[in-house]
Amino acid sequence: MKVLILGSGVIGVTSAYYLARAGHEVTVVDRQPEPALETSFANAGEVSPGYSSPWAGPGVPVKAVKWLLMKHGPLVIRPKLDPVMWVWLLKMLRNCTSARYAVNKSRMIPIAEYSRDSLRDLRRDIGIQYDERSQGTLQLFRYQAQLDGTDEDIAVLKQYGVPYETLSREGCIAVEPALAGVKDKFVGGLRLPQDETGDCHMFTQALAKHAQALGVRFLFNTGIDRVITEGGRVSGVATSAGLLQADNYVLALGSWSSRLAAPLGISLPVYPVKGYSITVPIKDASGAPESTVMDESYKVAITRLGNRIRVGGTAEISGYSDKLYDARRATLDHSLTDLFPRGGDLSKATFWSGLRPMTPDGPPVIGPTQYANLHLNTGHGTLGWTMSCGSARVLADMLSGRKPDIDVSALSVARYQHRFG
């Protein structure tokens, strides 16, 4: 069948690849001149199923107040006269209970682990390279209270069979030797050895070439205006290049998905939560991280990508603005120089921001809509890179009439039609 995919980020491109591999005729349309130039461009670089958790959890409202008052706090809210923003925030607060956190996390872990395994299969099948490393993730605790508070997280890891290691200060240094020079600044850590790292932009661009070799057609520099429906089906998509038509359509536009879906009567509470990153050339390899170190105090991820260090963090709720704020860079600079002072050359750093497509409960939205030939693959939040291959494989199976390897019925948009949140 002919499939039209809206969006060429990591979610759109992986969807295109797996659909083409299944034998379909695929076209991808995007306003950008190349794949992965927006949210997929310079994210933190983590493929982290072990950290696949909702942002909405018990205790988060109280923590949020503290974060908002911190000099280098991980949360920023820039209020706007936008009812969509406030409704989304209320829905998120509604999910900050232990019961809903458990349900939402149970929906996220399976697709994240399936996706990591699918990514490994992809590396084996086509030899794709993207500055990948398979050396785990280290969550670093600066204070004993943080380390003492890991019991709940460890219980969840045990529940889902996720391997982990609780490390002393010396244990952290054993896996991240560069931390030896700042050992007085942390007390221990929690390591997830099966997590991976890699450059999402590099991966997406490389996979797009493999997709083209399978016959996928990319229409870049093409604005998407609206989806046209008739008789319970999508009949076409109005674009700057004219009307585009297919047998099936996939909406994979990240934070912009909800704006395109709203006129169709699809309640899709995906809202942008801006993240920032700096990319720093490595100055001293012995002073750089080996994999990813999560600075728990500032919620900042410091990741080695080849000869670069990627430092990512901040949750800024400010609508669709992509403005860069120096105060947010200061937080990233501080975390890097505090833990890896010899690692990177900050004078040559590049500063970036991207809009993470967040749902208020945490899990992405994958699957059919009330329109027979329109499917969704969006709302992955901070985990788009982590969940991309698995989400795409599931979607390709759905459109091919096959039963997916894992049950994703709870990820459908229908979950928002049954309750507030």
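A residue counts as buried when its relative accessible area is under 20%, and at 1% Thr-331 falls on the buried side. Keep that cut-off in mind as we walk through this predicted model.

**The nonpolar cores**

- The largest nonpolar core has 32 residues, and the members that touch the most others are Ile-5, Val-26, Phe-203, Val-216 and Trp-385.
- What does Phe-203 touch, once neighbours within four places in sequence are left aside? The list is Val-10, Thr-14, Leu-119, Leu-122, Ile-128, Tyr-130, Trp-385 and Cys-389.

- The axes of helix 1 and helix 8 come within 9 Å and cross at roughly 30 degrees.
- Angles under 35 degrees count as roughly parallel, so helix 1 is roughly parallel to helix 8.
- This crossing of helix 1 and helix 8 is left-handed.
- From helix 1, Val-10, Val-13, Thr-14 and Tyr-17 meet a helix 8 group of Cys-200, Phe-203, Thr-204, Leu-207, Ala-208, His-210 and Ala-211.
- Sorted by class, the contact of helix 1 with helix 8 has eight nonpolar and three polar residues, with no charged ones.

**Helix 4 against helix 8**

- Helix 8 also pairs up with helix 4: their axes come within 13 Å and cross at roughly 55 degrees.
- What do we call the arrangement of helix 4 and helix 8? With that angle, helix 4 and helix 8 are oblique to each other.
- The crossing of helix 4 and helix 8 is left-handed.
- On the helix 4 side you'll find Leu-119, Leu-122 and Ile-126, and they meet Phe-203, Leu-207 and His-210 of helix 8.
- The contact of helix 4 with helix 8 has five nonpolar residues, one polar residue and no charged ones.

**Helix 4 against helix 11**

- Helix 4 has another partner in helix 11, and here the axes come within 7 Å and cross at roughly 85 degrees.
- Angles of 65 to 115 degrees count as roughly perpendicular, so that is how helix 4 and helix 11 sit relative to each other.
- Helix 4 brings residues including Met-108, Ile-111, Tyr-114, Arg-116 and Asp-121 to this contact, while helix 11 brings residues including Trp-385, Met-387, Cys-389, Arg-393 and Val-394.
- By class, the contact of helix 4 with helix 11 has 10 nonpolar, six polar and three charged residues.

**Residues with positive phi**

- Ala-36, which isn't a glycine, has a positive phi near 60 degrees.
- You'll find Ala-36 in the loop between strand 2 and strand 3 (46-47).
- Is Ala-36 buried or exposed? Its relative accessible area is 2%, so Ala-36 is buried.
- Lys-299 is another residue other than glycine with a positive phi, this time near 55 degrees.
- Lys-299 belongs to the loop between strand 15 (292-295) and strand 16 (300-305).
- With a relative accessible area of 32%, Lys-299 is partly exposed.

- Leaving aside neighbours within four places in sequence, Thr-331 is in contact with Lys-71, His-72 and Val-300.
- Arg-356 sits in strand 18 (residues 350-358), and its relative accessible area of 14% makes it buried.
- Arg-356 and Ser-106 are 250 residues apart in sequence and, C-alpha to C-alpha, 21 Å apart in space.
- Lys-209 is in helix 8, and Lys-209 is exposed, with a relative accessible area of 60%.
- Lys-209 and Leu-93 are 116 residues apart in sequence, with 42 Å between them in space, C-alpha to C-alpha.

How values were computed. Residues are numbered from 1 along each chain as its sequence is written. This is a predicted model: local features need pLDDT of at least 70, side-chain atom pairs count only at pLDDT 80 or more; totals for chains, interfaces and linings use all residues. Side-chain values use heavy atoms; hydrogens and water are left out. A nonpolar core is a set of buried Ala, Val, Leu, Ile, Met, Phe, Trp, Tyr and Cys residues joined through side-chain atoms within 4.5 Å. Buried means under 20% relative accessible area, exposed over 50%, partly exposed in between (1.4 Å probe, protein chains only). Contact means heavy atoms within 4.5 Å. Axes are lines fitted to C-alpha atoms, for helices over the stretch in contact, and angles run from 0 to 180 degrees between N-to-C directions. Helices (H or I, at least four residues) and strands (E, at least two) are DSSP runs, numbered from the N terminus. Angles under 35 degrees count as roughly parallel, over 145 as roughly antiparallel, 65 to 115 as roughly perpendicular and the rest as oblique. A crossing is left-handed if the near helix is turned anticlockwise from the far one by less than a right angle, and right-handed if clockwise. Ala, Val, Leu, Ile, Met, Phe, Trp, Tyr, Cys and Pro count as nonpolar, Asp, Glu, Lys and Arg as charged, and the others, Gly among them, as polar.
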